[in-house]
Amino acid sequence: MAETPKLIDSKGKRLDGRKANELRPLTIEAGTLKRADGSAYLEWGNNKVMAAVYGPRECHPRHMAHPARALVRVTYNMASFSVGDRKRPGPDRRSTEISKVTSEAFASVVFLEQFPRSSIDVFVEILQADAGTRVAALTAVAVALADAGIPMKSLLAGVAFGKIGGTVVLDLGKDEDNYGEADVPLAIIPRTEEIVLLQMDGDLTAKEFQKGMKMAIAAAKEIYEVQKDALKRRYAVSVEALEAEEGAEEELKEETVEEEA
Amino acid sequence: MVEVVHELTRTHIQRLAEMGKRIDGRDLEEHRPLTVEKGYIESAEGSARVHLGATDLLVGVKMELGSPYADRPESGVLIVVAELRPGASPTFELGPPKPPAIELARVVDRGIRSTDTVDVSKLGIEPGEKVWLLFVDIHILDYEGNLFDAGNYAALAALMNTTIPNATKLGEGKDAPLEVKHQPISVTAAKIGETIFIDPSLEEERIADARLTVVTDEKGHIRAMQKGLTGSFTVDEVNQVVALSQKIGKEIRKTIAEA
C-alpha cells in the first residue's frame, strides 16, 4: 500500500491549504435542466453533480403508492467516468444504500401528506467524483426539489466531517477520505439543527464526534445560504423586465379589443 | 408488501413512550434477552446463531480461494451479504436483495471493516493471484425487529468461531483459528415522539420515527453509525445514543466473548 501522505501540517493547514473548519468552494445553480420539473447543478471542490426532480406524479409501480402520502424516491447514480477506474454502470450496493438513506432524509422534510398516492422521483447524477459525493448530492437535491415547487418544511444541507492526522476537520477531500481516520456524512435541517441523515465509519472518540458535529452545524448554515442564493438567482426578476412584460401584455389586450370591435 | 400496524397498537405504544414505558414491559435502556450459540453449522468455517428476543438469525462464514482486488493484491477479501428469507417474515419476498437487505449487510460490514476486526492483509496466499475470500452470510430466520444489532452480534460471534481451513482446503499446513482483533458492538436506538429506547422490537420499529445505530469498540470509540427512517435527531439525542451504545456495548461484548 502507498505511503500515507501528511494530511495536515503543524500549523493545521491541509493538503489543499484549507483550515480545519473550511469548506471547499461550493457553487449551485437552480433550474439547469429543461425537461425535469425541478433541477440543480452543483460544484463542490471537484465534485460535479446534476439533480433532476419529477413530480408529484402518479406512482409506478402502483402497489408502491401510499394511500395517504407521497413516496419520495431518490436515485443516486455515479457516471462510469466520474472516478479514476471506470465504474461499472448501474446500481451497486453502495449506491443502493445511499439512495435509501437519502430518500429517508428527504421524506422527513417534504410535506408528503399533501400528495397521497403519488411519487416524487429524484435522479442525481455524479458526473465527477471527489469525495463527499453523497452530501453534495443531498445539497443539490434540496435545491432541485425547491425548484420543482415541492413544499418542504425546510431545505436540507448535506455536509461531512472527519478526522485526518488526529484532527477533526470539515468536508474531506479525496486524499483525506482515502487516508483519513474517519468520515461522517450528515444531512442537517439548518434552521432547527435536526439531523436527518447520519452515517459514519472510522475511529472517533465521543469528544471528537461532538466537536465535529458543532463544526458541521455551523457549516450547514453556510451551505444553506448558498442554496438560498441559488434559488433567489433563479427566480429573481428585475423590475424593468417585469414592467416591460406588463407593457407588452397591455398592448396585446388593446389590440384584441380593437380587433373584436 | 407493507406491514400493517393497528391504529390501537400504534396509539398504545406512543402513549406508553410518552410515559417512558414500553409495550413488552422493558426499560428504555434494556435489550431483549440475547443468546449466542457459536459453531451452530458444521459445514461452515465459522458460524453463530443469535436470538435477540424473538429475532432469530444465523451467520455462516465460508472461506474460499479466489482473486484479490486489483488495488489490494496481497490482501484477502471480506464480503458481508444479508438474506431476508421469506420464511422469516410475510413481508420478505423472493428475489434479488432489496435496499433493506443491502443496507443491513453494509452496516454490519462497516462495523467489522472499520475496526479491522479481521486483518485481511494476513489472508493473502499468492500475491495478485490467490487469496482467501471470507464470506460472512447473514441468514434471517425469524424477523422480530432490530436486525442491525442481531446481525452484528452473530457476525462477530461467527468470526470468533472461524477456522482457516489450511489443511482441509489447501492441503498444506494446519487448520488455524482466524484471528479476531477487535469486537465492534452495535447498539441501535429508536425514537418515538421524544422518547429514545434501545433494541426496538418489530412493533416498535414499525411505528418508530427515527432509528440510530452506533457501533463502538472495546475502547469505547465510535467506529460506525447509521441513521434510518424518516424522523430526525437533535445533536443532544445523538450524543445520548452514543453514550448508551458505549455502556450497553460493554455488557454485550462480554456476553459474546463468553458464549
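Read along the sequence, chain A runs β-β-β-β-α-β-α-β-β-α-β-β-α-α. That pattern holds 5 helices and 9 strands. The model is predicted. Over all chains, the count of salt bridges comes to 36.

**Chain A: overall dimensions and burial**

- Along the principal axes, the C-alpha atoms of chain A fill a box of roughly 85 × 50 × 40 Å.
- Chain A has 261 residues, and 49% of them count as buried.

**Chain A: helix α2**

- Helix α2 of chain A covers residues 133-147, which makes 15 residues.
- From first C-alpha to last, helix α2 of chain A reaches 21 Å. That is close to the 21 Å expected at 1.5 Å a residue.
- Helix α2 of chain A is mostly covered, with 14 of its 15 residues buried.
- A:G149 comes just after this helix and takes a positive phi of about 75°.

- A:K100 and A:E104 form a salt bridge, and their closest N and O atoms are 3.0 Å apart.
- Both residues sit in helix α1 of chain A (residues 93-107). They are 4 residues apart, about one turn of the helix.
- A:K100 has a relative accessibility of 17%, so it counts as buried.

**Chain B: salt bridges at B:R26**

- B:R26 forms a salt bridge with B:D24, with the closest N and O atoms 3.0 Å apart.
- B:R26 is buried, because its relative accessible area is 7%.
- B:D24 is partly exposed, because its relative accessible area is 41%.
- B:R26 also forms a salt bridge with B:D199, where the closest N and O atoms are 3.2 Å apart.
- The pair of B:D199 and B:R26 links distant parts of the chain, 173 residues apart. B:D199 lies in the loop between β10 (195-198) and α5 (202-207) of chain B. B:R26 lies in the loop between α1 (7-18) and β1 (34-38) of chain B.
- B:D199 and B:R26 are both buried.

**Chain A: a salt-bridge network**

- Salt bridges that share partners join A:R14, A:D16, A:R18, A:R24, A:D130, A:D171 and A:E176 into one network.

**Chain A: negative surface patch**

- A patch of negative charge gathers on the surface. Its members are A:E240, A:E243, A:E245, A:E246, A:E249, A:E250, A:E251, A:E254, A:E255, A:E258, A:E259 and A:E260.
- A:E255, one of these residues, lies in helix α5 of chain A (residues 239-260).
- A:E255 counts as partly exposed, because its relative accessibility is 44%.

**Chain B: B:E126**

- B:E126 has its place in strand β5 of chain B (residues 124-126).
- B:E126 has a relative accessible area of 39%, so it is partly exposed.
- B:E126 and B:E74 are 52 residues apart in sequence. In space, they are 7.4 Å apart, C-alpha to C-alpha.

Conventions: Residues numbered from 1 in each chain as written. Chains lettered and ligands numbered in written order. Predicted model: local features only at pLDDT ≥ 70, side-chain atom pairs only at ≥ 80, totals over all residues. Heavy atoms only, no water. Patch = residues over 30% accessible without salt bridge, like charges linked within 9 Å, V, L, I, M, F, W, Y side chains within 5 Å. Areas by Shrake-Rupley, 256 points an atom, 1.4 Å probe, with all protein chains shown as cover. Salt bridge = Lys/Arg side-chain N within 4 Å of Asp/Glu carboxyl O. Lys, Arg positive; Asp, Glu negative; His and termini not counted. Charge placed at Lys NZ, Arg CZ, Asp CG, Glu CD. Helix = DSSP H or I, 4+ residues; strand = E, 2+ residues; numbered from the N terminus. Buried < 20%, exposed > 50% of the residue type's maximum accessible area, 1.4 Å probe, protein only. Expected span 1.5 Å × (residues − 1).
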